[in-house]
Amino acid sequence: MKNKGDPARIEPGYFAVLLVVFFLFTALLSSVQLRNMPESSHSGTFYSFDGELPEEGYSLVFFYEDSCKLCNKMRYNLEQTLFPEYRGIRCYEVDITNCPDYFFGYNISGVPSVLLFEGDKEITRVTGLVGENNLKRICKTISQNAQADTFVFAE
Amino acid sequence: MQSNCIIIIGLVAGTVIGYWYWNSIGLRWGTFPLSSEWWVNCIYGGLFGGLIMSLISKKQEAV
């Protein structure tokens, strides 16, 4: 029984409405963010992947499609994350249009996708467009012991 | 008052679970709008936690 002095009860409907409103808000915000996110102006930024991974050390394989704008945006985020600091990670790229075998061989669900390897063992994968901060956080946890190496833009 | 406290506990617990989910899984998923952002996962977790606890609390009051 509700007394006069009791505070108003928080109804489930409030949360349902808030969920819908928040979903619409994030959809709108993400579309604005996506539009403003820069694309990479480089092509062939990383080494071309030939299926062989180094036996030691960390490697990154970036799966993309040439005509995919999201892939160019992800490439930009990877460049901003990897090039200044994490030079110990060997970076490869695969255009899935030209190399569909790798797409199915590594169970890629879509592009852009990034697979991180320690030797030839996959340690984590990133699916979709992920921001620089998240990429830095992921790289930081795995590259603590990566040996210093100079990375050169592929020509 | 007590039911509101339970709902707030659910909200806080949901927020914590949302952060844990982001740290272990959401960090690597960019397939949904802002799904890889920590604050989005925390807010969704909090809202779902509050929703679940409010439904449970309402059911308990009805009983």
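# Reading patches, pairs and voids

Reader: Which residues form a nonpolar patch on the surface, and with how much accessible area together?

Author: Five names: B:Ile17, B:Trp20, B:Tyr21, B:Ile25 and B:Trp29 make up the patch, and their accessible area comes to about 540 Å² together. A patch takes residues with over 30% relative accessible area and no salt bridge; like charges are joined within 9 Å, nonpolar side chains (Val, Leu, Ile, Met, Phe, Trp, Tyr) within 5 Å. Areas are Shrake-Rupley values with a 1.4 Å probe, and for residues only the protein chains shown count as cover.

Reader: What should I know about the model and its numbering?

Author: This is a predicted model: local features need pLDDT of at least 70, and side-chain atom pairs count only at pLDDT 80 or more, while totals for chains, interfaces and linings use all residues. Residues are numbered from 1 along each chain as its sequence is written, chains are lettered from A and ligands numbered from 1 in the order in which they are written, and side-chain values use heavy atoms, without hydrogens or water.

Reader: Which helix gives the largest share of the nonpolar patch?

Author: Elements are DSSP runs numbered from the N terminus: helices are H or I with at least four residues, strands E with at least two. Here, helix 1 (residues 2–24) of chain B gives the largest share, 3 residues. B:Ile25 sits in the loop between helix 1 and strand 1 (29–30) of chain B.

Reader: Is B:Ile25 buried, exposed or partly exposed?

Author: Buried is under 20% relative accessible area, exposed is over 50%, and partly exposed is in between (1.4 Å probe, protein chains only). B:Ile25 has 36% relative accessibility, so it counts as partly exposed.

Reader: How many helices and strands does chain A have?

Author: Chain A has 4 helices and 5 strands. From the N terminus on, they run α-β-β-α-β-α-β-β-α. Of the 155 residues of chain A, 39% count as buried.

Reader: How many salt bridges does the structure hold?

Author: The idea comes before the count. Side chains of opposite charge can pair when their charged atoms come close. The test is a side-chain nitrogen of Lys or Arg within 4 Å of a carboxyl oxygen of Asp or Glu. Over all chains, the structure holds 4.

Reader: What does B:Lys58 form a salt bridge with?

Author: The partner of B:Lys58 is A:Glu11, with the closest N and O atoms 3.2 Å apart. B:Lys58 is in helix 2 (residues 38–62) of chain B and A:Glu11 in the segment before helix 1 of chain A, so the pair joins two chains. B:Lys58 is partly exposed at 41%. A:Glu11 is partly exposed too, with 26%.

Reader: Where do A:Glu39 and A:Lys73 lie?

Author: These two side chains meet in a salt bridge at 4.0 Å, N to O. A:Glu39 is in the loop between helix 1 and strand 1 (47–48) of chain A, and A:Lys73 is in helix 2 of chain A, so the pair ties together parts 34 residues apart in sequence. A:Glu39 is partly exposed at 33%. A:Lys73 is buried at 8%.

Reader: Where do A:Arg75 and A:Glu93 lie?

Author: The side chains of A:Arg75 and A:Glu93 form a salt bridge at 2.7 Å, N to O. A:Arg75 belongs to helix 2 of chain A and A:Glu93 to strand 3 (residues 89–95) of chain A, so the pair ties together parts 18 residues apart in sequence. A:Arg75 is buried at 3%, and A:Glu93 is buried at 9%.

Reader: What volume does the largest pocket have?

Author: Rules, then value. On a 1 Å grid over the protein atoms alone, a cavity is a set of points where a 1.4 Å probe fits but cannot get out; a pocket is an open set with protein on both sides within 12 Å along at least five of seven lines; lining residues have an atom within 4 Å of a point. Points are joined across faces, edges and corners, and a volume is the space filled by probe spheres set on them. The largest pocket has about 650 Å³. Of its 30 lining residues, A:Met37, A:Leu129, A:Gly131, B:Ser36 and B:Glu37 are the closest to its centre.

Reader: Which elements of chain A each supply at least two residues of that lining?

Author: Helix 1 (12–36), helix 2 (69–85), strand 5 (121–128) and helix 4 (132–142) of chain A do. By class, the pocket lining has 13 nonpolar, 14 polar and 3 charged residues. Nonpolar means Ala, Val, Leu, Ile, Met, Phe, Trp, Tyr, Cys and Pro; charged means Asp, Glu, Lys and Arg; the others, Gly among them, are polar.

Reader: How much space lies in the largest cavity?

Author: The count is 1 cavity of 30 Å³ or more. About 50 Å³ lies in the largest cavity. Its lining includes A:Leu60, A:Leu78, A:Val114, A:Ile138 and A:Cys139. Helix 2, strand 4 (113–118) and helix 4 of chain A give two or more residues to this lining. The cavity lining divides into 9 nonpolar, 1 polar and no charged.
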